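Here is a short briefing on how two chains meet. Have a look at the model first, then read on.

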Amino acid sequence: MAIRRGRGVAAINYPTGMNLGGDPTQALVHSTPTGNFMVTLSSVDLGQGMKQIMAQICAETIGVPTDRVVIDTADTDTGPHCMGTFASRGTHRAGNAVIQAAKEARQVMLEVAAEELEVNASDLETDGQGNILVKGAPQKSISIFDVALSAHFKRGRSISGRGMFLIPRSYPEKETGAMKPSTCYAHACTVAEVEVDDETGEVTVLTVKNVFEIGRALNPKMVEQQLVGGSWMGISHALYETTEPYYPSRDHGGTDFNQYLMPGPGDLAETEIIVLERPSADGPFGAKGPGEMCANPQIPAIANAVFDAVGVRIDTLPITPERILRALKAQAAS
Amino acid sequence: MELRKNYFADVRKDGLHEIGQPRPRLDSPGHVTGRTTYFADRNFPGMLHLKMVRSPHHHARIRSIDTSEAEKHPGVVKVLTARDVPHNVYTILILIQIGPEDETVLADGKVRWKGEAVVAVLAETERAAQEAAAKVKVDYEVLPAVFDMEEALKPGAPLVNEYHGQNYYLYDSGECRKVRFGDVEAGFAQADHILEQSYQSSPIEHAPTETTGCVVTPEGNDRFTCYTNTQAMFFTLDNTSIILQMPGSKLHFVGGTVGGGFGGKVDVIVEPIAILGAKLTGRPVCFIYSREEEMQISSPRAAEKIVVKDGVMKDGRIVARKVTGYTDAGAYSRHSPYGAQKGAAHYPGPYTIPNVWIDTYCVYTNRTPSSAMRGFGVTIGDFALEVQMDKLARLIGLDPLEFRFINAYRDGDTKAHRQPTEGAALIECMQEASRAANWPVAEKYMAMSSYRKGA
């Protein structure tokens, strides 16, 4: 009887979007009289940080700091259509719609600035700090605040734009299953290291090293938060969670967090996150959808590590101590 | 977290102003100080509380429903049954023509899973609604139930859902979504080894911090405002419009700040009945799942059974892969027919295999309806595929990581659902994992690239 150590690897990809239903999202962007920008959407922030990412995407596209952007989302009276927040599609679909809307608004903003500065709009650039400069002659400039005032009070212009991103619906071919259910793919490879007590069947996840390729990390801190949380969820899925411990029997399902097992702070593995960025051709600034993918590779990596440690395969989730002990017993008997 | 910028630097534009910056989230101060407003923070004068009477049986005919005692209970304002719902039989994905409509808002004639909503009680207080719900008398004739997917697919199994007529979803391709690529039998005939294995999962809970719910208020102009934590505003609005036979212009949904969803809040369950309650009483209505309801009643991730059969050569090339996937939808479709066919497109995983044969089934049982969850249609498939990869590698005596390099897809490869691979990065992820985990692989694998050129 001993504590045995093992490690396992898994590599995966994950699709962005839900094209099998048609996958649209729209956005509107307009400036206030003081040169702040309002993004109007119907997308939902589930706690993953949709609002912050849309603000950064709009700010980058228009050429202002992120704190000059306000997000108004998920009010069906004001927001244009969004398919919803699921299928790893939020950043990708809504982000593209925001870029398109922000580009249109930026164009109007530059046209008004050009009239004020008496130059061509194509000769202007933004400095990212809230100013519009003449290329090659940065001393000739105007603040976006003043441009907005001019547009609203002097020139009768609306600094606004419309954004639409639509992936047309794909219909699977009946006989071959040829279909295009998604666009870009995110990737991951996880190596998990575990200890298995062959007397109690208990598994301790020592380390998980996760490499994620997500197109672009639009906000690295938020990416880290999502990827660390997802990694925890993968560990939880592999070893702890089930609503039906004796599936397909319906009995014994948990009714609260005392009965529904998940890893607590003491069960956390040492987690390493490495991010690679291969921009996707159709993503906003190259971003792909990492939201779902990040909880998947830990599950088979842990299953493979358990085998490496004690030589039994648990092909049924979750990998509970009971299942490990039964398998060890069967192995010893054979 | 480390950003490894040395990979793909030639195809990436760095040095942007706002993108790539670790800015603090604009809503986090509100979240961490408890000042953010969630739907349940809205309280309106005269607000009623809605509680459901739920089926104690897995499968039963309803002989009669007697609500008279419940209606007399102090504080009760209205009791709703199937008769009160304008379009009581619905299905969420009818919006994208995935039918038939197969689920009742309130049970009518039958219940098909333990926990199914039968009667809605609206009362002045939560407690009065709960007490009155306990007084509703439903006379059931218990019917045989089926919980196991294989049992459900056998001839003579109890029929779970009459709206389908059989215990599986009927795709245009037949009883399953099929993918056919190359000639799988020729691939197996050519293989040095064949390995067939079964994988199984049980349902899991989304476990959001904030439970599912909504608060509805009549606006006095014949419109209703619904504060909700749905993940999809217009899914909810459009389905509610169908269920209540009410023009969408009468409906106003407000949401957008949600305490966790993970796919559990894509179903349209609480909003239509709460809005109906507000319409019939003229008062605001609050319907929030208790934690017990969230865990027992809300859709879990589907249980899946996946059978993978692979043909592999001694040198490590996988030459044939056959996958049969079964998704346990429970009693009603919700999003499961979509998940099962999303799974079909995902196989055979991120590997280039010349001969692939896939069937995925969406199966009905008398279990809690399952629906969308993070990794929908893919997570359990990845578990099965990647454990299978480990077994295959050991079967032919190769290092599990090197075995994956041999089969990894690269730009330009055609996948089984006949899409060309673009933007691949599996190889680079594995190269970095090899370094980070100190798991060395042969130099030729470290020299590979996902770009086809020069690889």
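The notes below cover the interface of chain A and chain B. This is a predicted model, in which local features need pLDDT of at least 70 and side-chain atom pairs count only at pLDDT 80 or more, while totals for chains, interfaces and linings use all residues. Residues are numbered from 1 along each chain as its sequence is written, chains are lettered from A and ligands numbered from 1 in the order in which they are written, and side-chain values use heavy atoms, with hydrogens and water left out.

**Extent**
- In the contact (heavy atoms within 4.5 Å), chain A takes part with 121 residues and chain B with 125 residues.
- Together the chains bury about 10300 Å², 58% of it on carbon and sulfur atoms; buried area is the accessible area (1.4 Å probe) that two parts lose on being put together, summed over both.
- Of the area that chain A buries against chain B, 8% comes from Tyr247(A), Arg250(A) and Arg278(A), more than from any other three residues.

- The interface holds 9 salt bridges, each a side-chain nitrogen of Lys or Arg within 4 Å of a carboxyl oxygen of Asp or Glu.
- Lys5(B) and Glu277(A) form a salt bridge through their side chains, at 2.8 Å from N to O.

**Strand pairing**
- β11(A) pairs with strand β1 (residues 2–3) of chain B in the parallel sense over 2 bridges; strands are DSSP runs (E, at least two residues), numbered from the N terminus, and two of them pair if DSSP finds at least two bridges between them.
- Leu3(B), in β1(B), is the bridge partner of Val275(A).

Key. Helix = DSSP H or I, 4+ residues; strand = E, 2+ residues; numbered from the N terminus.
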